[in-house]
Amino acid sequence: MEYVSPEGLRLDGRRPMEMRQIRAEIGAVAKADGSAVFEMGNTKVIAAVYGPREVQNRSQQLSDQALVRCEYSMANFSTGDRMRRPKGDRRSTEISLVIRQTMEACILTHLMPRSQIDIFLQVLQADGGTRSACINAATLALADAGIPMRDLVTSCSAGYLNSTPLLDLNYVEDSAGGPDVTVGILPKLDKVTLLQMDAKLPMDIFENVMQLAMEGCKAVANYIREVLLENTKTLEYRRGV
Amino acid sequence: MEQRLGNSLRMTLNEKNFIKTALLSDLRVDGRRPFDYRNLSIKFGREDGSSEVQLGKTHVMGFVTAQLVQPYRDRPNEGTLSFYTEFSPMADPSFEAGRPGESAVELGRIVDRGLRESRAVDTESLCVLAGKLVWSIRIDIHILDNGGNLVDASNIAALAALLTFRRPECTLGGEDGQEVIVHPPEVREPLPLILHHLPIAVTFAFFGDENIVVIDPTHNEEAVMGGRMTATLNTNGDVCAIQKAGGAGVMQSVIMQCLRIASVKAADITSKIKNAVELHNTERALRKIKRHSSFVALDVSGPGAKMRENENQSGHQKEVGELSRNHTERLKLISEESCVSQSNDVQGETQSSEQGGTSWRDGNAKSFISRPSSWDPSTKGVDADLLKASLASSAGALIPNKKLKESISEEKPCEAKLEEPLADIYVAPSRIEASVIGLQTNGENTLKDAVKPKNKRKKKASSTIMQIG
């Protein structure tokens, strides 16, 4: 199947180095301390952050840092066929673990000992790149909750089909069986926190694909900064500053 | 997380600081250099498809089983591969029995991705009846002792188990060709799985902010590390999978450097696995010979240059003479050769053995030959004197001789049928056996040497035999 046409257009009309349209909204869940909705093309994810608050399970309390918990789940209606997804299935567990460790690396947990920060992620629409959208949404939600962080964490995926590196794969391109590289970076520090890859790739091509994904992450970071700036301005205005 | 926290909670601050400070000076607590692996030992169990890997103190066992199932609807002509891990609480106090924890799921998915997504196992060859029946391969990994770096050890265990696994052969039969007959291993030799390449997982641990990277972290180092990355590569220079699940941030250049180091380590580990599997296969072939202890094959195309010449000249007759000269020892030798060759090469193609470059015309593939279990083709030659002494003194030497005479007169010069008439005559005289154990020697002229001293000895016996032939 042809994923890149001879003119250089992908299945949805994008260029290989073009990302899908991003949209973010802060404060979607009123009850949560911080929340955000993040859309990457047709993928839509909602994140809610509760914390820092008292640890619910005393045995897990850490005396020197905050406990970060993360839960990733896909809604039944998120994919094409409505499937009842068991809560603790292995993919969800792995993604929860991965996102938790990613966010844990950037939250300044030592400033909040003996407390707990919960990140809940729900995928409303899944069209490829749910992991990346979740991380971006979590970053926004944590910022909305006012939790101190070292840097933003942004994430993007890239692949390699028809001998072309492609940025931001959608579901069809992802299930083509080609390699899928998901990268999460700290943009200001220029460090890679999350790196996941599956399927085979020669090492030099992998370097190109990873570089492309990092560029995508930086573009997302710029957008997120804009959104946060807008949000802060609105808050200032409401306070009458 | 609970595992890592459990780790670090059990360590004192002093221990943690000690490890960190030592790493700042490029020293590791167990004396290794930063990019050194621990000792790797791969062992195999009695059954096909079971392996036991020890990487330092980490102890992991892998098992592979296969079952006929219905294929997935969207992939009707491909077999399936499933991966399960069992984190036994005896390996680590933080492991809980029953439901796999987060780290167990992560490990399972990392190794699974490395094997499945990179198409290491050929799933299309597992199809029996398209759309109806395919083989489902199940890999189980049991963690027996957690000494750190479970991912690498589990990956090696899975690969070793897959390489030595044999699935039963099945053919289509029945009236409409839709019935599947599964042949038990005694009837038909089970088949190995087809593996295109070996994806090897190499784990790196990152410490602190100084960009300190080490390979193959131990249990204690894992409790202290800031982040980890597992790169799965094969020896063809492909990256099969990477997992860096958060943790400390690292520069992209460091990641590429780690990948380069990992490819070197992967080549090293691949060769170790292949050596271990080869050793096991040879051993397995030898064991198979012992199983069918009632057969002795007289293979016409015997080992050694002398035999070959004989074969070319006068075929059977000469060989009979040769054989009788060497009695049982030679028989065992030949049988050993044919066994090794046939087990290595089921189709019976010619194969040069390690002794004097013998080539089998046809491998006598069907029948196994018996031999003493302690017979080892790679030992040094036995002392000729000892051999002569034992042969001369043992009365039993004559018995096989006589029986040979009978059998040889009966049989025809056809290799494949030789086993049956000889079925009853296989004698395992302990004395001869014991002396003969070391007969086969390494090197080019082993059998010649073995043969020559006997020529003088057994002239009398051979002359009798010659008359028959």
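A residue counts as buried here when its relative accessible area is under 20%, as exposed when that area is over 50%, and as partly exposed in between (1.4 Å probe, protein chains only). The model is a predicted one, where local features need pLDDT of at least 70, side-chain atom pairs count only at pLDDT 80 or more, and totals for chains, interfaces and linings use all residues. Residues are numbered from 1 along each chain as its sequence is written, chains are lettered from A and ligands numbered from 1 in the order in which they are written, and side-chain values use heavy atoms, with hydrogens and water left out.

Chain A has four helices and ten strands, taken as DSSP runs (H or I, at least four residues, for helices; E, at least two, for strands) numbered from the N terminus. Read from the N terminus, the order is β-β-β-β-α-β-α-β-β-α-β-β-β-α. The C-alpha trace of chain A spans about 55 × 45 × 35 Å along its principal axes. With contact meaning heavy atoms within 4.5 Å, 67% of the chain A contacts between residues at least 6 apart in sequence join residues at least 24 apart.

Over all chains, the structure holds two aromatic pairs. One of them brings together Tyr50(A) and Phe120(A), edge-to-face, at 6.0 Å centre to centre and with 70° between the planes. Rings of Phe, Tyr and Trp (its six-membered ring) pair if their centres lie within 6.5 Å; planes under 30 degrees apart are stacked, over 60 edge-to-face, and the rest tilted. This pair ties distant parts of the chain together, with Tyr50(A) in strand E3 (residues 43-54) and Phe120(A) in strand E5 (residues 115-125), 70 residues apart. Phe120(A) is partly exposed, at 28% relative accessibility. Strand E3 also holds Pro52(A), which is joined to Gly51(A) by a cis peptide bond with omega about -10°.

Gln101(A), in helix H1 (residues 90-106) of chain A, is buried at a relative accessible area of 16%. Neighbours within four places in sequence aside, Gln101(A) touches chain B, being in contact with Ala245(B), Gly246(B) and Gly247(B).

Chain B has a couple of backbone details to look at. Asp26(B) has a positive phi, near 65°, without being a glycine, and sits in the loop between helix H2 (13-24) and strand E1 (40-44). Asp216(B) also has a positive phi, near 55°, in the loop between strand E12 (212-215) and helix H5 (219-224). Asp26(B) is exposed, at 52%, whereas Asp216(B) is buried, at 0% relative accessibility.
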